[in-house]
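Subject: Structure handover

Hello,

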Amino acid sequence: MGHLTRIAPGLRTRGALAGVAATLLLLGSADALARVLGASTSPLTAVGLLVIRVLPTDLVKLAITLFGESDKIVLILTVGVAGLVIGGLIGGLLCTRPHVALLTFTLAEAVLILLVGLRPEAGPPDLIASAAGSVLAAFSFALLLGARRRPGRTTRQTEVSQTEAGQTDASQTDAGRTEASQTEASQTEAGQTDAGRTDAGQTEAGQTEAGRTDRPAGFGRRGFFLLAGASAMVGAVGIAAGRTVVAVGRGAAEAARRFVLPAPAVPAPPVPDGAEVGVDGVAPFTTAQADLYRIDTALVPPAVDPDAWELRVDGLVEEPFTLTFDELLAMRLEEHRITLTCVSNPVGGGLLGTGTWTGVPVRTLLARAKPLPEADMVLSRSIDGFTASTPLEAMTDDRASLVAVGMNGEPLTPEHGYPVRLIVPGLYGFVSATKWVTRIEVTRFDRAEAYWTQRGWDAKAPILVASRIDVPRGLDSVSAGEVVVAGSAWAQGVGIAEVQVRLDDGEWTAADLGAEANADTWRQWRVTLPEVESGRHSVTVRAVDQEGTVQTEERRTPIPNAATGHHRVEFRAE
C-alpha cells in the first residue's frame, strides 16, 4: 500500500508564527531586563558584536561607507530579523514534533546566553537578564506549540493512494461544514482502519480497532492568536524600551550625569581670534560632544561603573600597576585642543571633529611603569574587547597624548568613552582613541596585532594631509559673480601651511586661512572667486602641510590608511 503524508493545512504557518512570537519575546524581554538591571549587553547586542568580529573586512568597509554612523542601527535590525527567521524556521519545520521543537529552541537560547557570558564586560546582571528572557520565551513557545490546534486533533493527515485494496471517497458537506477527504485504507489481515476526517481545516488521526490516536493539545485557534499576539507585543515593547534601542545603560548614564569634571591643572589656551572664518555653513571650530562622530565596534556603549573601573598598565615594563578612577582623577590633569579623525572618513566627509580634551598625559603613566628597551608598541584594550595598536613613541614624546576623562569642560558621555578613553594626536582614531579603555599593555608590533590591523588596516596609521569644502554644498545654487568658497583642512601633528582652490579646471588660488590654534587641530579657510559666470561649475580644494607635503589627488579607498584625493564640489551659478 502506498502512502503520502503531509502536514495539515495551516499547521506549518502556525508553528512558524509560534517561533517568531517566542523569539521576539526572548529578544525584547532580555533587552528590557538588561536595561533595568544595568547590564552591559543582551542577546541582541551579543550576536551583533559577534557578527562585527566575523564579518569580512570588505563588508565592514562597505557598511561604514553606505550607512556611516547608522551602521549599528542597520546591523541591529538585520540581527533581529535574522533571529525572527530562525525562530520561525524552528517552529515551522518542527511543528509536528513539539518536544523536538522546544528542545531546539532551548538549545538556541543556551547559545545566546553563552555569547552574552563570553563578552568581556559581562557580569551577573547580563546573565540574569538573558536567562530570565529565555525562560519566559521557552514557556511561551511551549504554550503556543500546544495551542496551535484544537483539542482532540492530531498533527498529521494520512492520505492513502488508491490501490487495488482501497479507494478514496469524495469530500462530503454537512450543514455548511466541509469535511476533508476521507480515505478507506486497504484491508489487512489484522483488521480495517478508517482514515480521519478533516473538520474546519483541522485533522483527525486515523482510528483503529485499538482506539483513537488523538493527542490532547492547547486551546484552539483564538487562544493561539491571542497568546502569539501578546508575546509579540511584549517583545516589541521590550526592544523599544530596552538597552539596545536606548543605547545607554541606566547605571552608566546616571553615573556620568553625577560626575563633576575636576578643573585641569594645565588649562588649554583660548581658541585664538580669527580661528573661524565667519562663513555660514562651515563646521564650527569646536565640535560639541553631541555632534562628534561615533565609529566603534560597540553596538551600544558599555555600561561602565566608575567605582569598579580600573586601568591596568603592564606588559614589557619594569613596574606594572593598576589605577582606580579616583586615583586617576587625583593626578595632574591637563587640557589640550585636538582634532580627532576617523580612518574611514571619505574624501570630503564629516568623520572628524575638534574638542578640548581633559586628562592625564599617557607618558606620565608609562614613565611610572618604565617600559623595557625592546618595547615599541602599546596595545590598548577596551572593556568590550576592542584593541588598538599605537607606536610607543607617540605616547612618550612631547605630544599631547591623553588618558582622557572629559571633552569641552564636560565629562565624557557613554557614547564617547565614559569614564576614560585615549586620545593621541597625529594618528587616526582606530590606533589612537580607544574608548572605555581598561588596559595599556606595552609590547611590540611583531608580537601583537590590534583589532583593525588583523583586518587589513595599517598598524601605525599616521594622519595624512586633507581638506574639505563646506560651502557651497554639492549641487547648491548660488548667485553669479563673486562666490565664496570655504571649509576646513587638517594635518594633525604637523599643521596646515596653505590651502589652494581652483574653479573648474583653472589655476590654483591661495585661500585665506583662519588662525591656527595648534598643529593638532584643523584649520578653517575661505576664498572669494570673482566673476563666476552663470552655469554649472565645479570647485576643487587641496592643502599643503607645514612640512611642504601637498595633498595628493590620487583616489584610493580607506584601507589601509585613509581615503585620499581632492574634494570636488559641483554647483550652479544663476
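**Cis prolines**

Pro419 lies in the loop between strand 18 (410–411) and strand 19 (421–423). Helices and strands here are DSSP runs, numbered from the N terminus: H or I of at least four residues for helices, E of at least two for strands. The peptide bond from Tyr418 to Pro419 is cis, with omega near 10 degrees. A second case involves Pro560, in the loop between strand 28 (535–545) and strand 29 (567–573). There the bond from Ile559 to Pro560 is cis, again with omega near 10 degrees.

Before you go further, note the basis. This is a predicted model: local features need pLDDT of at least 70, side-chain atom pairs count only at pLDDT 80 or more, and totals for chains, interfaces and linings use all residues. Residues are numbered from 1 along each chain as its sequence is written, and side-chain values use heavy atoms, with hydrogens and water left out.

**Positive phi**

Most residues other than glycine have a negative phi, and most peptide bonds are trans. Trp436 is not a glycine, yet has a positive phi of about 50 degrees. Its place is in the loop between strand 19 and strand 20 (437–443). Trp436 is buried at 2% relative accessibility. Buried means under 20% relative accessible area, exposed means over 50%, and partly exposed is in between (1.4 Å probe, protein chains only).

Ala461 also has a positive phi of about 50 degrees and is not a glycine. Ala461 sits in the loop between strand 20 and strand 21 (466–471). Its relative accessible area is 0%, so Ala461 counts as buried.

**A buried glutamate**

Which side chain of opposite charge is nearest to Glu335? The answer is Arg337, 5.8 Å away. Glu335 is buried and has no salt bridge. For charges, Lys and Arg count as positive and Asp and Glu as negative; His and the chain ends are not counted. A salt bridge needs a side-chain nitrogen of Lys or Arg within 4 Å of a carboxyl oxygen of Asp or Glu.

Glu335 belongs to strand 13 (residues 334–341). A polar atom of the Glu335 side chain lies 3.0 Å from the backbone nitrogen of Ala268. Leaving aside neighbours within four places in sequence, Glu335 is in contact (heavy atoms within 4.5 Å) with residues including Pro264, Val266, Pro267 and Ala268. Thr356, Trp357 and Thr358 are also among its contacts.

**Salt bridges**

Side chains of opposite charge can pair when their charged atoms come close. How many salt bridges does the rule give? The count comes to 11.

Glu319 and Lys370 meet in one of them, at 3.2 Å from N to O. Glu319 lies in the loop between strand 11 (310–315) and strand 12 (321–324), and Lys370 in the loop between helix 11 (362–369) and strand 15 (377–382), so the pair ties together parts that are 51 residues apart in sequence. Glu319 is partly exposed at 39% relative accessible area. Lys370 is partly exposed at 37%.

Arg444 pairs with Asp446, and their closest N and O atoms are 3.0 Å apart. Asp446 counts as exposed, at 58% relative accessibility. Salt bridges that share partners join Arg312, Asp314, Arg439 and Glu441 into one network. Within it, Asp314 bridges to Arg312, the closest N and O atoms being 3.6 Å apart. Asp314 is buried, with a relative accessible area of 11%. Arg312 is partly exposed at 32%.

**Nonpolar patch**

Leu33, Val36, Leu37 and Ile128 make a nonpolar surface patch of about 330 Å². Patch residues have over 30% relative accessible area and no salt bridge; nonpolar side chains (Val, Leu, Ile, Met, Phe, Trp, Tyr) are joined within 5 Å, and like charges within 9 Å. Helix 1 (residues 11–37) gives the largest share, 3 residues. Ile128 lies in helix 6 (residues 124–147) and is exposed, with a relative accessible area of 51%.

**Whole chain**

The chain has 12 helices and 29 strands. Of its 574 residues, 51% count as buried. Among contacts with a separation of 6 or more, 75% are between residues 24 or more positions apart. The chain exposes about 25,700 Å², and carbon and sulfur atoms supply 55% of that. Accessible areas come from the Shrake-Rupley method with a 1.4 Å probe; for residues, only the protein chains shown count as cover.

Best regards

Notes: Polar contact = N/O pair within 3.5 Å; in protein donor to acceptor, adjacent residues only side chain to side chain.
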